[in-house]
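Please look at the model first.

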Amino acid sequence: MNKRIEDKDRVAYADALKVIAAFSVVFLHVAAGGWNTAVVGTLQWHAFNMYDSLVRFGVPVFVMVSGMFLLNPEKDLSCSHIYKKYIPKITVSFVSWSILYALYPVAVGGLQFERDKFARDFIFGHYHMWYLYMIVGLYMALPIIRRVTQDRKSTEYFMVLSVIFAFSMPFAAKLIQSEDFTTFIRKFDLNIVLGYSGYFVAGYYIGEYELKNKTRALFYVLGVLGVLATAYFTYLLSMNSGKPDALFYSYLSPNVMLASIGVFVFFRYEVSKICFGKNSLKVLNTLSECSFRIYLVHDFFNMILRDNGIDILSYNGFLSVPVIALLVFAFSFIASYIIGKTPVLNKIL
């Protein structure tokens, strides 16, 4: 077992994972804007596809880090604790940020307020806020999943079922577009291992149990192949259809799963070897503590820059994406830090 998880203090490589996951989400959303609008097959579009494929691991890694800690058997986590602390916290964040994003087009864009549109935007949230719905679902399932992860064999069995029924078979059905095959898969109706629970459990497993050197090396190779597969097959499908095709971009695709696990394993075994200095750890911890708010606030800055003419399509894509992503991340961190230090705001945002 990984004794570092038993440390009452922070786990440096987990903090680093949260920071890189937050930055990757920002990077992805910056690149995605160009990927959706640039002409497929152009040099610009290839830049956006390359970047988008490279950072698809962000959301899965966030989920895996959560599973790493919340499924730890030494963590006291009762049903009442989940429903009195964790779920209300996410709910308050969702309500607050959803109101702000729903009001943004009216307050900044000069659009007329429409009650029905506002209600719909508020209920469903801004496009990236689906994550909060998903994480609440995982919190609800925590007591059951924690029972599964009490035993290593049960944990491995759960992950095998997830790979088959959550990642491989549904993806294959979308790829081959066979109605009969889709109907065949649905007949299993094995919902408990579907969605993001596989990532949740995988994060705990990788953090808790030692992997052999050969297994780690295999995950590194598969992770690189996963990224390459994402970029290549997205290009192939998009060229064939004449428009951007996001099938291989899915967080629940086998290629993104392999890339995400490869990143997590790399940080667990390689980044964890780094001896961070006191000041470096302080910076890392601060960035990590802001990572969730960075996720929530970042698209405001993405929209503000775009509305003011700072758009990746206006410049060379290979340069504009990382530069604008760094700007958005920096502004998001500053805003998140200020919110975290401001009474009242740090409770609702």
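Leaving aside its neighbours within four places in sequence, which residues is Ser24 in contact with?

## Basis

This is a predicted model: local features need pLDDT of at least 70, side-chain atom pairs count only at pLDDT 80 or more, and totals for chains, interfaces and linings use all residues. Residues are numbered from 1 along each chain as its sequence is written, and side-chain values use heavy atoms, without hydrogens and water.

## Ser24

Beyond neighbours within four places in sequence, Ser24 contacts Val55, Phe57 and Gly58 (contact: heavy atoms within 4.5 Å). Ser24 sits in helix 1, residues 12–37 (helices: DSSP runs of H or I, at least four residues, numbered from the N terminus). Its relative accessible area is 2%, so Ser24 is buried (under 20%, 1.4 Å probe, protein chains only).

## Helices 7 and 8

Helix 7 (residues 152–176) and helix 8 (residues 179–186) cross at roughly 165 degrees, their axes coming within 9 Å (axes: lines fitted to C-alpha atoms over the stretch in contact; angles: 0 to 180 degrees between N-to-C directions). Helix 7 is therefore roughly antiparallel to helix 8 (over 145 degrees).

From helix 7, Met169, Pro170, Ala172, Ala173 and Ile176 meet Phe181, Thr182, Phe184 and Ile185 of helix 8. These contact residues comprise 8 nonpolar, 1 polar and no charged (nonpolar: Ala, Val, Leu, Ile, Met, Phe, Trp, Tyr, Cys and Pro; charged: Asp, Glu, Lys and Arg; polar: the others, Gly among them).

## Helices 4 and 5

Helix 4 (residues 79–107) packs on helix 5 (residues 115–124) at about 140 degrees, with axes 8 Å apart. Their contact residues include Phe94 and Leu103 of helix 4 and Phe118 and Asp121 of helix 5. The contact holds 9 nonpolar residues, 1 polar and 1 charged.

Methods
Helix = DSSP H or I, 4+ residues; strand = E, 2+ residues; numbered from the N terminus. Parallel < 35°, antiparallel > 145°, perpendicular 65-115°, else oblique. Buried < 20%, exposed > 50% of the residue type's maximum accessible area, 1.4 Å probe, protein only.
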